[in-house]
Amino acid sequence: MDILHVLNLDALSHGLANLSMFPYFDMAHYTVSIMALREQPGALAVSRVSPLACWFSSMLFCFGGAVLSGIMMAEPAVAPLSNSTNVLLASIIWYLVFYCPQDLAYCCAALLPLRLVLSAMKEVTRTWKVLGGVVQAHGKYKDSLMVMIANGWAKGAGGGLISNFEQLVRGVWKPETNELLKMSYPTKITLVGAVLFALQHTRYLPVQKHYLMLIYTTFTVVNKSRMMLTGSSTSPFAVIESAIYKTLFTGHSPYAALTGDIRKASITNGTSNGLAAADKESGENGATGQCSPTCSAKGENGSPKAKEASENAETKKCK
């Protein structure tokens with residue numbers, strides 16, 4: 001990392017590595033997470049009907065990564081809730097975001113300059129969560145690179161990975177929103193960070209830890225700020241994903257098999273099946289000489305007249 005030495009970023013990288021997350025960065029993480037929950041469809045209505053369900057969903061948004069990581073490491077899932085200070089801090093922010101008089105807390109935090117700062121601080125906490133998950137897995141499985149990546153990913157993006165369970169708490173069941181089917185940007189960037197930190201921790205990536213933390217944190221903060229300022233939701237990995245997908249798999253985009261193609265195929269199959277059924281029905285009617293319901297009705301209406309005419313003819317003949 002001679003470039004960092006030239007730019008005199010060595011002290012900055014060490015300072016970032018020794019930065020404490022409590023309380024300011026944790027508060028930013030809780031605020032952004034609970035605001036994201038509030039902006040989910042139907043979440044505000046649930047908060048008025050069942051505050052307990054709303055609080056539980058908020059805690060899953062705030063501590064979902066630690067809960068999922070604990071389950072993967074065979075540790076108690078409620079262990080993250082044992083820190084009463086953090087739980088109390090998250091609960092206070094939850095109450096202010098959902099129930100503050102005149103909605104002042106949410107309106108102030110939703111202002112673009114303040115939200116930009118809070119989101120940048122949340123991205124800083126992502127680095128520590130991913131690194132903490134990698135180190136935790138390395139303590140139990142020293143030679144397992146996949147476990148380190150999986151645990152770092154779970155700890156950094158657990159709130160998104162368990163989103164289906166969180167939705168179930170609010171009475172919503174949308175399995176098609178599973179993050180493994182269509183990953184969002186936070187899930188993707190967390191997976192990239194988990195891979196990088198796991199490679200660095202196992203000495204496959206020849207970079208010092210504090211330098212990698214600085215590079216990764218800078219990238220996540222800058223890219224998140226760019227996405228918020230431009231209003232773009234395009235992932236920076238979209239071009240790479242498309243190139244890899246077109247090279248190794250079939251389709252036009254990474255999610256074509258899950259979105260447009262299936263719908264088009266179902267519509268095409270439904271139309272062809274309907275036409276085939278209609279052709280089959282008309283063929284059968286023509287082969288057996290059956291009439292349509294309208295024809296049969298006419299036949300039934302005309303049969304009494306024919307019978308009466310035949311009876312009159314027989315009477316005249318007899319006379």
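Predicted model: local features only at pLDDT ≥ 70, side-chain atom pairs only at ≥ 80, totals over all residues.
**View 1. Helices α5 and α9 cross, with axes that come within 6 Å.** Two packed helices are described by the angle between their axes and the distance between the axes. On the α5 side, the contact is made by Leu 60, Gly 64, Gly 65, Leu 68, Ser 69 and Met 72. Facing them from α9 are Ala 150, Asn 151, Ala 154, Lys 155, Gly 158, Gly 159 and Leu 161. For context, the protein has 15 helices and zero strands, and 35% of its 319 residues count as buried.

**View 2. The largest nonpolar core holds 52 residues.** Look for Tyr 30, Ile 34, Phe 63, Val 97, Phe 98 and Phe 197, the residues with the most contacts inside this core. Elements that give two or more residues to the core are α3, α5, α6, α7, α8, α9, α11 and α12. The biggest share comes from α8, which gives nine residues. Across the protein, 72% of the contacts between residues at least 6 apart in sequence join residues at least 24 apart.

**View 3. Here is the neighbourhood of Phe 197, one of the core residues with the most contacts.** Leaving aside residues up to four places away in sequence, Phe 197 touches Thr 127, Val 130, Leu 131 and Val 134, as well as Leu 212, Met 213 and Tyr 216.

**View 4. Trp 94, Tyr 95, Phe 98 and Tyr 99 are linked into a cluster by ring pairs.** A search of the whole structure finds eight aromatic pairs. In the pair of Trp 94 and Tyr 95, the ring centres are 6.4 Å apart and the planes stand at 65°, so this pair is edge-to-face. Trp 94 counts as buried at 11% relative accessibility, whereas Tyr 95, at 46%, counts as partly exposed.

**View 5. Phe 219 and Phe 237 form a tilted aromatic pair.** Their centres are 6.4 Å apart, with 45° between the planes. Phe 219 lies in helix α12 and Phe 237 in the loop between α12 and α13, so the pair ties together parts that are 18 residues apart in sequence. Phe 219 is partly exposed at 36% relative accessibility, while Phe 237 is buried at 17%.

**View 6. A charged group meets a ring where Arg 38 sits over Tyr 106.** The charged end of Arg 38 is 4.1 Å from the centre of the Tyr 106 ring.

**View 7. A cis peptide bond joins Phe 22 and Pro 23.** Omega is about 0° for this bond. Pro 23 is placed in the loop between α2 and α3.

**View 8. Asp 103 and Arg 203 each sit in a loop and have a positive phi.** Neither residue is a glycine. Asp 103, with phi near 60°, lies in the loop between α6 and α7. Its relative accessible area is 21%, so Asp 103 is partly exposed. For Arg 203, phi is near 70°, and the residue is found in the loop between α11 and α12. Arg 203 is exposed, with a relative accessible area of 68%.

Terms used:
Residues numbered from 1 in each chain as written. Heavy atoms only, no water. Phe/Tyr/Trp six-rings, centres within 6.5 Å; stacked < 30°, edge-to-face > 60°. Buried < 20%, exposed > 50% of the residue type's maximum accessible area, 1.4 Å probe, protein only. Helix = DSSP H or I, 4+ residues; strand = E, 2+ residues; numbered from the N terminus. Lys NZ or Arg CZ within 6 Å of the ring centre and 35° of its normal. Core = buried A, V, L, I, M, F, W, Y, C linked by side-chain atoms within 4.5 Å. Contact = heavy atoms within 4.5 Å. Axes fitted to C-alpha atoms, helices over the stretch in contact; angles between N-to-C directions.
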